Amino acid sequence: MIKFIHAADFHLDAAFTGLSPELAKQRRGEQREILSRFALACQDCDLVLLAGDLFDGKNPYLDTIEALKACFSSIAAPIYIAPGNHDPYNEDSPYVREDWGENVHIFTKQEIERIQLPGCDLYGAAYTQGGWEPLRDFHVQDESRLNLLLLHTGAEYNPITAEQIANSGLDYLALGHVHSLQVQKTDYTTYAYPGCLMGRGFDECGKKGLLEVQLSKVNCDTEFIPIESRRYEILTVEAGEDPVASVLEALPADSREHCYRVILSGPCEDPKLPAVEEALRDRCFSLDLVDQTHGIRRQWEGIEEDTLRGEIMKELKSRYDQGSEEEQQRILTAARILGDLMDGREVSL
Ligand SMILES: [Mn+2]
């Protein structure tokens, strides 16, 4: 059995475009601190597999390069890197320019290479320009060994298929590119994306981290290990009569550490956005407040008119009055959406 760490998509020095310039700078600094927590999680393993996109672009800050080098040198295990589409292996890549230390091996070619290690055969390839099918005609060379493949790949660049994975003879396929955690199995092969190491926007919500894998010929145990970091969270809150109180009640105790998108929803005459914003300012690392409330009085609005709107509202109201509870909910939603559409408001679902 071997025990290894599988991580990917650090995206160091990402722009954090959703934050103010000061907060974005702070977050880039924090990315470097996260590396030391990452290194701690890599103690006590046989291998570290990094499946690309460690850098967000080809010109990371020097401080970032130094932080990553320090991270690598504090890890006892050998580290293998398969560069990704954000940090492709080519002549002006930091992977070429810098000396990453003796325990770091970087795959350099857009073709699968085999490295024979004491506990396993490790295969890997770099992303250089994309446009190939890494697993086409691939099969491991020695099925009696533990076989691992490290690869940064996505459907739009270097597609792989479930059938190719199933025919690969691999025990574990360590992937990068997809920023959410995914662990899947064929009859024989476990293939996984650990997700990104830290969130950078509301499309990367929740806890982020790495996979710790214990692999033998008969078993594969994967454990997700979160790396403490600021999270992105989306919170939908029924505004109710007192939107400030509703939002404060919905926020978890550790909200100050994290980036929040708070969506105010439901019927509400006045969502009191400035007051909500003021109340939340010190309760979140960053706040993106979205108003999706709809006015109470807008229900059946225009029903008295002698217009198309009036006719539709009368029809809906009569169905509402005779409908079951479930139908009434649907009719209310329909009436609200119709009202929004006819008034040219943004439709809130
Ligand atoms: Mn990526």
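Reply:
**Around A174**

Leaving out neighbours within four places in sequence, A174 is in contact with H6, L49, A51, L148, L149, L150 and A192. Being in contact here says that the two C-beta atoms, placed from the backbone, lie within 7 Å. Before going on, note that this is a predicted model, where local features need pLDDT of at least 70 and side-chain atom pairs count only at pLDDT 80 or more, while totals for chains, interfaces and linings use all residues. Residues are numbered from 1 along each chain as its sequence is written.

A174 belongs to the largest nonpolar core, which has 59 residues. Along with V48, L49, L50 and L150, A174 touches the most other members. A nonpolar core, by the way, is a set of buried Ala, Val, Leu, Ile, Met, Phe, Trp, Tyr and Cys residues joined through C-beta atoms within 7 Å. As for "buried", that takes 20 or more other C-beta atoms within 10 Å of a residue's own, whereas 12 or fewer makes it exposed and anything in between partly exposed; the C-beta atoms are placed from the backbone. Apart from this core lies another one, of 10 residues, with A239, V247, V262 and C284 among them.

Now back to H6, one of the contacts of A174. Strand β1 covers residues 2–7 and pairs with strand β11 (residues 209–215) in the antiparallel sense, over five bridges. Strands are DSSP runs of E, at least two residues long, numbered from the N terminus, and two of them pair if DSSP finds at least two bridges between them. Facing β11, F4 stands opposite V213 and I5 stands opposite E212. β11 is mostly covered, with six of its seven residues buried.

On we go to β12. Seven bridges join β11 to β12, and the two run antiparallel. They form a hairpin, with four residues between them. E212 turns up again here, as its bridge partner in β12 is E223.

Step back and you get the whole sheet: six strands in the order β4-β3-β2-β1-β11-β12, open and with mixed pairing. At the edges are β4 (104–106) and β12 (220–226), each pairing on one side only. From one strand to the next, the twist averages 20 degrees.

Key. Axes are lines fitted to C-alpha atoms, for helices over the stretch in contact, and angles run from 0 to 180 degrees between N-to-C directions.
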